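Hello,

After it come my notes on what turned up.

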There are 4 protein chains.
Amino acid sequence: MINAGIIGGAGYTGLELVRLLLMHPEVEISVVTSRRYRGKKVSDVNPHLFPFIELEYEDVDTEEIADRSDIVFVAVPHGSAMDYVPELMARGAKVIDLSADYRLKKADYERIYRREHKDKEERKAVYGLTELHPEVASADLVANPGCYPTGAILAVAPLVKEGMVKQVVFDAKSGISGAGVEPSETSHFPNLAENIIPYQITEHRHVAEMRMELHVKVSFTPHVIPSIRGILTTAHVFLAESEKTQTKPLQGLRGRGAEPHNDEIEEIYKRFYEGKRFIRLREGMPSLSSVRGTNFCDIRLEVEEKSNRIVVISAIDNLVKGGSGQAIQNMNLMFGLAEEEGLWFPGLVP
Amino acid sequence: MINAGIIGGAGYTGLELVRLLLMHPEVEISVVTSRRYRGKKVSDVNPHLFPFIELEYEDVDTEEIADRSDIVFVAVPHGSAMDYVPELMARGAKVIDLSADYRLKKADYERIYRREHKDKEERKAVYGLTELHPEVASADLVANPGCYPTGAILAVAPLVKEGMVKQVVFDAKSGISGAGVEPSETSHFPNLAENIIPYQITEHRHVAEMRMELHVKVSFTPHVIPSIRGILTTAHVFLAESEKTQTKPLQGLRGRGAEPHNDEIEEIYKRFYEGKRFIRLREGMPSLSSVRGTNFCDIRLEVEEKSNRIVVISAIDNLVKGGSGQAIQNMNLMFGLAEEEGLWFPGLVP
Amino acid sequence: MINAGIIGGAGYTGLELVRLLLMHPEVEISVVTSRRYRGKKVSDVNPHLFPFIELEYEDVDTEEIADRSDIVFVAVPHGSAMDYVPELMARGAKVIDLSADYRLKKADYERIYRREHKDKEERKAVYGLTELHPEVASADLVANPGCYPTGAILAVAPLVKEGMVKQVVFDAKSGISGAGVEPSETSHFPNLAENIIPYQITEHRHVAEMRMELHVKVSFTPHVIPSIRGILTTAHVFLAESEKTQTKPLQGLRGRGAEPHNDEIEEIYKRFYEGKRFIRLREGMPSLSSVRGTNFCDIRLEVEEKSNRIVVISAIDNLVKGGSGQAIQNMNLMFGLAEEEGLWFPGLVP
Amino acid sequence: MINAGIIGGAGYTGLELVRLLLMHPEVEISVVTSRRYRGKKVSDVNPHLFPFIELEYEDVDTEEIADRSDIVFVAVPHGSAMDYVPELMARGAKVIDLSADYRLKKADYERIYRREHKDKEERKAVYGLTELHPEVASADLVANPGCYPTGAILAVAPLVKEGMVKQVVFDAKSGISGAGVEPSETSHFPNLAENIIPYQITEHRHVAEMRMELHVKVSFTPHVIPSIRGILTTAHVFLAESEKTQTKPLQGLRGRGAEPHNDEIEEIYKRFYEGKRFIRLREGMPSLSSVRGTNFCDIRLEVEEKSNRIVVISAIDNLVKGGSGQAIQNMNLMFGLAEEEGLWFPGLVP
């Protein structure tokens with residue numbers, strides 16, 4: 001059994017880790033921390049977890065957490081994770097950080113998150129988008145991707161790899177659970193119901209991860225929709241023009257003049273994602289309910305006629321594939337398990 | 001492995017059976033029928049089930065279904081189930097009928113459902129409310145309870161058993177999935193969103209099951225709320241007056257004059273539901289999310305001061321404990337398994 | 001023109017007063033107060049009101065408010081209204097208090113709201129349920145009814161007047177706007193969406209108003225539904241038994257043995273509400289959308305067969321008929337206007 | 001008084017015309033047609049309109065409709081409007097067609113809507129986007145714009161006029177009322193709640209109107225959100241590069257290297273929409289609730305740093321500014337009234 005600790009177990013990300021790890025056949029939860037709820041039973045604070053977990057929330061030393069755990073999930077806000085990670089690693093625990101603290105280079109992090117990075121080292125973390133980074137398997141520190149970047153990058157990675165993409169605009173729509181467990185103006189029911197709320201429409205920080213992974217021109221505009229879970233990403237992909245790119249795959253594609261065929265593009269996706277069990281290429285439109293509660297990323301694309309635009313739709317559950325489920329998928333690889341261990345179940349439809 | 005057939009696998013009840021049975025370690029789904037989708041892969045029609053089920057929908061003889069199955073779940077509308085049950089049983093299959101066809105005595109059925117009962121026999125079915133009917137374990141035919149009766153009966157059964165109840169009004173609020181997979185006026189989003197729809201406010205047919213099980217004066221008023229899943233039942237229980245009932249338990253209770261204490265009533269519930277793993281007596285208010293996707297029934301009660309009223313709140317997922325989950329719980333008992341086999345996981349919160 | 005002041009213009013009740021008074025042909029808003037937003041334009045804080053109101057929020061002396069206004073709407077939380085009312089009246093302003101401070105007798109208020117009443121006088125306020133209290137027309141101080149009592153009392157008043165009612169249980173379902181503009185656990189979207197939340201199930205304070213007006217045995221259980229506006233009240237009415245009551249109207253009714261006919265009961269409602277323009281007796285089921293944004297109360301009833309129960313459904317918009325609209329209806333009468341002035345428009349369907 | 005007829009008064013567009021015209025001080029509704037509900041009172045079929053309209057639905061000759069009306073609103077599906085328009089005009093009625101039948105040139109219409117245009121003439125209709133087409137005032141036939149094109153065109157027209165736009169991608173999110181009054185798979189509550197549904201992601205027909213009005217490269221991807229009303233359009237605008245366009249306004253703007261300042265762009269919008277009373281340029285983010293039930297179009301923009309992209313957000317009520325309200329705005333101009341007559345009220349917040 002793998003002993004797994006969770007730092008920050010009272011937020012949505014931490015609770016989703018608990019929910020999923022409780023169903024994982026190879027894991028025992030060793031410790032769950034929360035300063036606010038210290039000494040209370042996890043299942044008293046979160047009655048949906050009764051009677052599945054006997055543990056109390058604890059507020060213990062980082063060292064002790066490391067000692068009691070083979071792996072520690074750090075599920076605290078960015079800026080706080082780096083308070084724990086160096087010591088956890090020094091004590092020999094493997095770490096999956098669900099915050100943004102180790103996703104970017106330190107210099108980039110400090111510029112984008114506008115705070116000093118407190119870790120003295122330029123620590124090498126693997127960016128835990130499992131489908132793109134098999135090196136997760138040998139990592140000691142995984143930086144679990146942001147929810148938006150997960151849906152966005154997976155939507156276009158195959159096209160980018162082919163050198164076909166000149167620019168992409170991600171127009172993303174997220175359920176409100178991504179904003180966390182604390183009530184706010186945005187999560188206030190009368191403000192969100194019957195509404196859709198765009199925010200940080202030209203400057204959301206998650207765009208840095210997308211650029212880091214994709215190396216093409218990326219714009220990103222997020223919205224919150226009146227839904228609890230899920231991110232639907234609409235990727236407006238502009239293809240590099242043939243006379244400029246002259247890449248081989250692209251030339252081969254241009255059957256119908258300047259435009260690629262749907263079939264050809266779908267073939268690229270199939271090849272790219274072959275064997276990736278959590279990527280489902282769809283003939284129908286992805287829906288948030290099909291992925292609800294699951295680690296799947298559903299994808300569908302359509303080539304616009306007489307245009308250089310391809311529209312790719314991806315759907316994930318922001319708390320699972322966009323967070324805690326992907327973290328567990330990473331853990332599985334780090335411990336030599338099948339990537340779907342504990343995560344292999346269908347979505348909650350309807 | 002138990003071979004389980006599903007007749008009517010394209011509605012919400014049938015699909016929920018598929019979803020849950022796919023996760024059941026002791027079951028193999030042997031056949032799923034649908035006239036409408038005959039020949040199509042179940043996971044093509046219902047993409048959330050991909051790649052978990054390879055089967056195609058079939059439209060085969062009842063005899064063949066029986067031959068290929070140890071147990072058959074009949075998930076067709078009431079009035080149709082009785083077309084299948086006699087033959088299934090004649091061929092030796094165990095049957096769990098999720099329709100209303102075998103819940104009541106034939107005469108009552110014919111009066112209330114206003115149709116002739118086509119089964120020639122007065123077939124003895126066990127009413128599959130597992131917590132109240134352990135004789136399910138030896139049944140060949142189980143009539144799976146209606147969704148509303150499940151939430152209602154479980155809410156008050158302990159009080160009724162004590163002889164304390166004179167009358168009860170169930171005011172129930174259901175998610176719209178109870179109305180089925182077909183679009184209708186009621187399920188039309190602009191009609192249901194920002195609304196709550198009472199219907200059949202004095203004469204819903206499910207009241208017959210409640211009366212059959214409870215043997216007290218029962219009224220029932222259902223409403224549809226803008227939610228996909230879940231039934232929250234508010235039971236307004238009026239206690240028998242002490243001078244009339246003179247029952248022992250009641251006398252013992254009357255610590256504070258005419259009113260019982262909360263603690264005493266809670267004690268009654270604890271005793272009654274001891275060892276019933278899917279009943280969770282709550283200190284906080286039950287919520288639909290805590291039971292979402294699960295087979296739990298969460299219950300909380302409060303004694304009204306200076307009154308003869310107790311309010312009991314119960315929460316279930318109408319498609320699980322109120323339908324397919326309870327059916328599997330029954331199957332578990334019929335096959336000597338632990339009642340929670342394949343059903344033991346926490347709800348989808350948030 | 002009537003100069004109308006609003007004390008507490010930043011909450012939902014105050015804002016709804018602004019919205020409605022802006023459309024009222026006989027009213028000019030003279031002052032809107034808010035400590036928090038003092039000095040900011042009302043339409044900057046609430047962009048939906050742009051460009052309809054030029055005023056800034058003010059934080060001025062109660063005397064000045066009185067001097068600038070013919071009538072003052074007090075839209076602050078209970079416990080605060082009594083800080084303003086005595087002085088407003090002393091300076092000659094008419095007052096409509098939308099809080100609970102003047103609805104009950106002082107002694108009752110202090111017991112139920114568990115605080116001292118700071119007004120030195122036992123001030124005589126008319127309970128502003130216009131349909132029942134025409135004496136509003138000559139009042140200087142109106143205590144505007146609570147949102148729940150409005151829907152509840154209107155649902156059963158005709159039956160009570162006939163002496164037919166022995167006991168009534170109000171099971172009410174409210175939109176979340178009734179809980180106010182401040183984000184909270186209950187209004188947090190992931191907690192309320194796909195849920196329904198019962199609260200204060202045996203002891204909500206609004207029951208005191210219902211008892212004061214109805215003089216029968218009343219129980220009340222409120223729930224919050226995932227809707228912004230609206231209250232749907234399900235009144236479970238238990239009729240007085242004929243041998244006990246022996247009232248004339250009741251005897252006359254008992255055409256079908258012990259039960260009254262629907263027609264007869266409807267006739268009672270028609271007579272009772274004749275000429276009351278905001279009461280609509282419905283043949284179909286009331287819906288929250290039909291009353292959305294309006295001052296209507298829609299009512300429908302159904303007599304349960306072979307029972308002493310009548311179910312009455314009423315629907316109101318909690319912020320209009322259940323609050324600010326009713327306040328304006330009261331103002332209209334106090335100033336000799338038609339009661340529907342400024343309030344006569346259909347609901348927002350769909 | 002203007003006598004206004006409505007052909008097709010049982011759908012959402014027709015009903016919204018009724019709702020709004022009932023509040024219009026200069027209009028009397030002369031006739032409302034519906035084949036399905038012929039002979040039934042409009043307020044019986046639509047109880048929210050009681051007691052505001054006495055009329056019954058009629059099914060009468062087009063000639064008679066024309067004779068009884070100064071203006072006729074045609075609110076039937078596209079393909080049917082052209083059955084009425086020629087005769088209405090021949091009899092001298094002014095016509096506002098809310099369908100797509102007269103928005104495009106006949107040849108374009110036939111290609112895009114894949115049906116023959118039955119009108120024998122190439123009839124000259126004014127495209128009724130009032131803010132851009134003051135010539136509406138002298139029109140006899142107005143083609144009322146589609147809901148999506150209204151939100152999209154208004155979002156970017158000022159930039160297009162300046163010659164600044166190279167390409168624009170409209171990513172639109174609509175409430176489900178745009179899909180009409182008939183229940184469907186998409187409007188089925190369990191399918192839409194907790195979801196967002198992209199559709200016709202590269203080929204929606206409304207794009208033709210956008211191209212017709214904007215004359216730049218336009219792509220359009222619509223989604224349905226779990227909301228009843230409203231369209232939020234996210235316009236991703238790509239600016240023409242300075243070396244190519246060399247237009248004067250653009251040169252003047254480039255204060256900060258290649259990028260324009262927010263202020264400068266906002267100034268362009270202010271100038272363009274000066275005096276347009278239903279356009280509200282916002283400092284905060286537009287929301288669907290601020291425009292709910294109203295004829296406003298709220299707009300906000302943001303220039304992306306170090307990029308050639310501007311993001312413009314517009315919000316409308318699809319049934320009002322995106323349909324019936326805009327139709328009435330057109331009518332007002334056609335009859336010499338102020339454009340806001342009957343339409344000047346704030347949105348329903350919360």
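In chain D, strand S3 (residues 71-74), helix H4 (residues 85-90) and S4(D) build a β-α-β unit that is right-handed. Right-handed here is meant as follows: with the strands pointing away from the viewer, the path from the first strand over the helix to the second runs clockwise. Helices and strands are DSSP runs numbered from the N terminus, where a helix is H or I with at least four residues and a strand is E with at least two.

Before going further, please keep in mind that this is a predicted model, in which local features need pLDDT of at least 70 and side-chain atom pairs count only at pLDDT 80 or more, while totals for chains, interfaces and linings use all residues. Residues are numbered from 1 along each chain as its sequence is written, and chains are lettered from A and ligands numbered from 1 in the order in which they are written.

Back to the unit in chain D. S3(D) and S4(D) run parallel and are joined by four bridges; strands pair if DSSP finds at least two bridges between them. Across this pairing, D:Phe73 is opposite D:Ile96. S4(D) also pairs with strand S6 (residues 141-143) of chain D, again in the parallel sense, over three bridges. There D:Asp97 faces D:Ala143 of S6(D).

Which way do the residues of S4(D) point? D:Lys94 and D:Ile96 point one way, D:Val95 and D:Asp97 the other way, and all are buried. As a general rule, side chains in a regular strand alternate between the two faces of the sheet. Buried means 20 or more other C-beta atoms within 10 Å of the residue's own, exposed means 12 or fewer, and partly exposed lies in between, with C-beta atoms placed from the backbone.

Chain A has an open sheet of seven strands, in the order S3-S2-S1-S4-S5-S7-S6, with parallel pairing. Strand S3 (57-58) and strand S6 (126-127) of chain A are at the edges with a single partner strand each, so one side of each has no neighbour in the sheet. Within this sheet, strand S5 (residues 94-97) of chain A runs parallel to strand S7 (residues 141-143) of chain A, and three bridges join them. A:Asp97 stands opposite A:Ala143 in S7(A).

Now to how the copies meet.

How many residues are in contact between chains A and D? There are 34 residues of chain A in contact with 34 residues of chain D, where contact means that the C-beta atoms, placed from the backbone, lie within 7 Å. Among the elements of chain A that give two or more residues to this side are strand S10 (217-224), strand S11 (231-239) and helix H12 (288-291). The side of chain A that touches chain D holds 16 nonpolar, 10 polar and eight charged residues. In this count Ala, Val, Leu, Ile, Met, Phe, Trp, Tyr, Cys and Pro are nonpolar, Asp, Glu, Lys and Arg are charged, and the others, Gly among them, are polar.

Chain A also superposes on chain B by a rotation of 180° with 0.0 Å of shift along its axis (RMSD 0.0 Å). This contact takes 24 residues from each of chain A and chain B. Helix H1 (12-22) and H12 of chain A each supply at least two residues, and H1(A) gives the most, with three.

Lastly, some backbone details. A cis peptide bond links D:Phe50 to D:Pro51, with omega about -5°, and D:Pro51 sits in the loop between helix H2 (42-45) and helix H3 (62-67) of chain D. B:Lys306, a residue other than glycine, has a positive phi near 50°. B:Lys306 counts as exposed because it has 9 C-beta neighbours inside 10 Å.

Enjoy looking around!

Technical notes
Two residues are in contact if their C-beta atoms, placed from the backbone, lie within 7 Å. Copies are superposed by least squares on the C-alpha atoms of residues with pLDDT of at least 70 in both.
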